[in-house]
There are 2 protein chains.
Amino acid sequence: MKYKRSERLVFMTQHLTAHPNQLIPLTFFVDKFNQAKSSISEDIRIIKDVFENDGIGIVQTTAGAGGGVTFQPKISYSRAEEIVEDFMGMLKTKERLLPGGYLYMSDIMGHPTLMNSIGELIATMYGREDIDAVVTIATKGISLANAVARKLNVPVAVIRKDNKVTEGSTVSVNYVSGSTRKIETMVLSKRTLKEGSRVLVVDDFLRAGGSITGVINLMEEFSAQVVGVSVLVEAKQVEHRRFNDYTSLLKVSDIDEFNQSFLVEEGNCLEYIENEFQKA
Amino acid sequence: MKYKRSERLVFMTQHLTAHPNQLIPLTFFVDKFNQAKSSISEDIRIIKDVFENDGIGIVQTTAGAGGGVTFQPKISYSRAEEIVEDFMGMLKTKERLLPGGYLYMSDIMGHPTLMNSIGELIATMYGREDIDAVVTIATKGISLANAVARKLNVPVAVIRKDNKVTEGSTVSVNYVSGSTRKIETMVLSKRTLKEGSRVLVVDDFLRAGGSITGVINLMEEFSAQVVGVSVLVEAKQVEHRRFNDYTSLLKVSDIDEFNQSFLVEEGNCLEYIENEFQKA
């Protein structure tokens, strides 16, 4: 079967976006379409232009015998603003406030379209970093970690608070939970994360930062380097956080259980993305 | 800016695959490209043909004022075979065998490309069903549930074994864990799942079926209808399973800890997909 250019473009666009951050050898398309390399290169140029003009991502080609094409998701600044705004609209509803000043967020974590968009946003922030794995804490962080890891094309390592028979040998650290002031334990299966990995830590909510500090300590046990920490929501007005360098999509403050109210504002992620675009 | 057909096809292909099972109004593309509806319809026809010939999915158009186009992921039978085979290759390594005859699977659950492919496979199996939510049990099932829900474009509801302050009001049921014979509890936040939903239940491993039976009981409390149960791996040679109708990708049997060996074979998912294609 002979493919026309229009048909090749449809197939290639689908294939590239379905395999983010993965080198596709040019020969894959050459063989599939039975076309000269020069035609395939021209197809890729068309895709590259649309992807870059429409804020979908970067298309990089590498020359030579082992050459190929890589699609790296990278959204535009205005798309990032839109995602943060959508998320804010969802978070703002006062029915989210639970006894103890906690926010109900399970529906947000279970919203695949929103998680996918946020995954693109976080992958855009850290796309220039060399990342081997996304690390998160069970249970809530897992959906976010999956969304980010899918875009970066790296594995997810899930830290647990209990030690299960299905994990094999584990490494554990103790940490002080910021909210309850209790000493708790977190464990990570030894084979889930390679020694010396460069990791991005993600989580749903950052309160006092006790568990993220625990994660950072646990990463030391794996000789891993924490490239970044990114959370969906941070609680403002919390002091003594034991790490400074993190990004957040939203900030929550002035939680008032009696009046059932709280304030939501933008986190620092848009600033971070703006800087990324200036560097690029 | 005027888009050429080639450029429109790239954008539209990306947009459709990024929004599976979501109706995109034709006017979205008409306005974006400043083109007549007839040209856009011709673009869609090209995409539809490639998607159907190459086993990417179905493209459905609905006519009229509120008309639009929907992309539904549907992989080919040969692609499904390939996914099952890849997964089998990964699962077969004997280093997975843990004390007690458990299998280490955390790396599989944390492998975003594999999870995405399996998500497409399960979405292909249940694509003709009317599904409102994907339900799973924390922690291991979450990555699979996300992958499936993303393709079906429905929310995920995560059942937990502990009751957290961040869940709000919950409904709980007790169940007998098949492996430990202990009575355990599972809880689901009331607002995570609408009453009367049609749900697809997914999980990583099916052993005696105690926890899936628990999920089915819990679903009754939500007046939810279980449309299907799909697991990655089932243990063969287990009797007295309290439900019969489920799909699995792989079956594991003859687990021999002493000789560090076990058998892996195909589950019934390929049969199920074959039937789906015959019905279509």
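**A glycine in a strand**

G68(B) sits in strand β3 of chain B, which covers residues 68–73. Helices (H or I, at least four residues) and strands (E, at least two) are DSSP runs, numbered from the N terminus. This is a predicted model, in which local features need pLDDT of at least 70 and side-chain atom pairs count only at pLDDT 80 or more, while totals for chains, interfaces and linings use all residues. Residues are numbered from 1 along each chain as its sequence is written, chains are lettered from A and ligands numbered from 1 in the order in which they are written, and side-chain values use heavy atoms, with hydrogens and water left out.

Is G68(B) buried or exposed? G68(B) is buried, because its relative accessible area is 0%. The classes are these: buried is under 20% relative accessible area, exposed is over 50%, and partly exposed lies in between (1.4 Å probe, protein chains only). Which residues touch G68(B), leaving aside neighbours within four places in sequence? They are L23(B), I24(B), P25(B), L26(B), Q60(B), T61(B) and T62(B). Contact here means heavy atoms within 4.5 Å. Q22(B) is 46 residues away from G68(B) along the chain, and their C-alpha atoms are separated by 9.6 Å.

**Chain A as a whole**

Now step back to chain A. It holds 9 helices and 13 strands. Its C-alpha trace spans about 65 × 45 × 35 Å along the principal axes. Of its 280 residues, 57% are buried. Take the contacts in chain A between residues at least 6 apart in sequence: 61% of them join residues at least 24 apart. Accessible areas come from the Shrake-Rupley method with a 1.4 Å probe; for residues, only the protein chains shown count as cover.

**Charge on the surface**

Chain A carries 32 positive and 36 negative side chains. Lys and Arg count as positive, Asp and Glu as negative; His and the chain ends are not counted. The centres of the two sets lie 6 Å apart. Each charge is placed at NZ of Lys, CZ of Arg, CG of Asp or CD of Glu.

A patch of negative charge gathers E81(A), E85(A), D86(A), E266(A), E271(A) and E274(A) on the surface. The largest share, 3 residues, comes from α4(A). Patches are made of residues with over 30% relative accessible area and no salt bridge; like charges are joined within 9 Å, and nonpolar side chains (Val, Leu, Ile, Met, Phe, Trp, Tyr) within 5 Å. E81(A) lies in helix α4 of chain A. With a relative accessible area of 34%, E81(A) is partly exposed.

**Salt bridges**

Side chains of opposite charge can pair when their charged atoms come close. A salt bridge is a side-chain nitrogen of Lys or Arg within 4 Å of a carboxyl oxygen of Asp or Glu. How many are found over all chains? The search of the whole structure gives 30.

In chain A, D162(A) pairs with R160(A) at 3.2 Å, N to O. D162(A) is partly exposed at 39% relative accessibility, whereas R160(A) is buried at 6%.

In chain B, D49(B) and R45(B) form a bridge at 2.7 Å, N to O. Both lie in helix α3 (residues 37–53) of chain B, 4 residues apart, about one turn of the helix. D49(B) is partly exposed at 31%, and R45(B) is partly exposed at 41%.

E276(B) and R128(B) meet at 3.1 Å, N to O. E276(B) lies in helix α9 (residues 269–279) of chain B and R128(B) in the loop between α6 (112–126) and β6 (133–137), so this bridge ties together parts 148 residues apart in sequence. E276(B) counts as buried, at 7% relative accessibility. Salt bridges with shared partners also join K140(A), R160(B), D162(B) and E167(B) into one network.

**Backbone geometry**

The peptide bond from A138(A) to T139(A) is cis, with omega near 0°. T139(A) is in the loop between β6 (133–137) and α7 (141–152) of chain A. In chain B, the bond from A138(B) to T139(B) is cis, also with omega near 0°.

N21(B) is not a glycine, yet has a positive phi of about 50°. N21(B) lies in the loop between α1 (5–18) and β1 (24–25) of chain B, and is partly exposed at 26%. N34(B), not a glycine either, has a positive phi of about 55°. Its place is the loop between α2 (26–33) and α3 of chain B. N34(B) counts as exposed, at 61% relative accessibility.
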